[in-house]
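Please read them with the structure open.

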Amino acid sequence: MEKAVDVRDVVKIFNKNFRALDGVSLEIESGSIFALLGPNGAGKTTLMRILTTQIGPSSGHAYVFGLDTVKEGSQVRKLISYVPQEMSVWTDISGYENLLIYSKIYGIPKEERNNIINGVLESMGLHDVSNRLVKTYSGGMIRRLEIACALLVRPKILFLDEPTIGLDPSARKVVWEKLKMFKKDYGTTIFFNTHYMDEAEIYSDLIAIINRGKIVTIGTSEELKHSVGGEILHFILSENGLHEDVLRELEGIEGIKDVVVSNSDVTFVVNDAEMILPHIMTFFNKKNIFVRRVSITKPTLDDVFLKYAGTRIDVSGRLSEVTHVRRMIRRG
Ligand SMILES: Nc1ncnc2c1ncn2[C@@H]1O[C@H](COP(=O)(O)OP(=O)(O)O)[C@@H](O)[C@H]1O
Ligand SMILES: [Mg+2]
């Protein structure tokens, strides 16, 4: 695989002894969408600032497409784009004018600017509003404009720090639809930070959970949830209780870890509910046991976080603060 990101044992120390990153290692395949999930203060922005060459690690190394973020910073900067958590557009000019300023900053030749700007406006679904002042935009439109600015250079990898913070679910969905479409067209690798578990789960190929400067686990959302162990399959049968022999046979089916019977309710603890469900249904069928209802309960990423970090992600408090900050900047 081509590695878009390769982080090796990175430590970042602030104020002489505070370890914001405490030995982080990480590999991300080119062309994938990667989510760094963790609570506020976990170290997400710090890692992103290292990868985008804004700060160097105290020890360890970070590579982007094989280039050292410290020694080859200027080459790294040619391949990347970065959308910070804070507002990065001007509100008293139009969306188009923002893109024009950025295209000048990026050194895009004059004769190519209009084409490229129209392309990214189209990609982010902002064509119709491009001449409106940004201060009339919704939060979601502003975020899409910021992303459009980052896409002007057609980066090989796009870094997004909390891309949908403070947005309502439908605005978040639009942001991601546009991002996924762009990624499909250009094969861009996307690295995003988030403390929204559902966002990590729905939109990423790979999730790393970070807590107190350490990556506590990494995998696809399915792998992470499986690793918690124990999905619950709950049946309601049309009859009360199960015969002792039937119960014993059920317990013998591979993949069933536990069976609990209470009147017409039968609860199974299993490794993989979808896999085992057909077997159990066939079994009940053969025994002429009629199933009235089935439900599956799976561990959530919240359970995953609890297992590996020993605490739940607390999104209260700082979140509203951050939203407030984005609103303040927008008005200003
Ligand atoms: N420049 C800095 N100086 C001192 N402490 C910092 C600095 N940047 C971040 N930190 C601290 O490092 C920790 C991780 O911060 P950050 O990477 O911003 O977390 P996250 O993005 O996950 O919310 C926090 O405790 C934060 O206060
Ligand atoms: Mg942050």
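1. Helix 5 crosses helix 6 with right-handed geometry. This comes from a predicted model, as do the points that follow. Helix 5 covers residues 139-151 and helix 6 covers residues 169-186; their axes lie 9 Å apart, at an angle of about 20°. Helix 5 is therefore roughly parallel to helix 6, because angles under 35 degrees count as roughly parallel.

2. On the helix 5 side, the contact is made by G139, G140, R143, R144, I147 and L151; the helix 6 side supplies A171, V174, V175, K178, L179 and F182. By class, the residues of this contact of helix 5 with helix 6 are seven nonpolar, two polar and three charged.

3. Which residues surround ligand 1? The shell consists of F14, N15, A20, G38, N40, G41, A42, G43, K44, T45 and T46. Seven of the shell residues are polar, three nonpolar and one charged. Helix 1 (residues 44-51) gives the most to this shell, with three residues.

4. There is an open sheet of four strands, paired antiparallel in the order 2-1-4-5. Strand 2 (18-29) and strand 5 (67-68) are its edge strands, each pairing on one side only.

5. Y63 stands opposite D68 of strand 5.

Methods: Residues numbered from 1 in each chain as written. Chains lettered and ligands numbered in written order. Predicted model: local features only at pLDDT ≥ 70, side-chain atom pairs only at ≥ 80, totals over all residues. Axes fitted to C-alpha atoms, helices over the stretch in contact; angles between N-to-C directions. Helix = DSSP H or I, 4+ residues; strand = E, 2+ residues; numbered from the N terminus. Parallel < 35°, antiparallel > 145°, perpendicular 65-115°, else oblique. Left-handed = near helix turned anticlockwise from the far one by under 90°. Contact = placed C-beta atoms within 7 Å. Nonpolar A, V, L, I, M, F, W, Y, C, P; charged D, E, K, R; others polar. Near = placed C-beta within 6 Å. Pairing = 2+ DSSP bridges.
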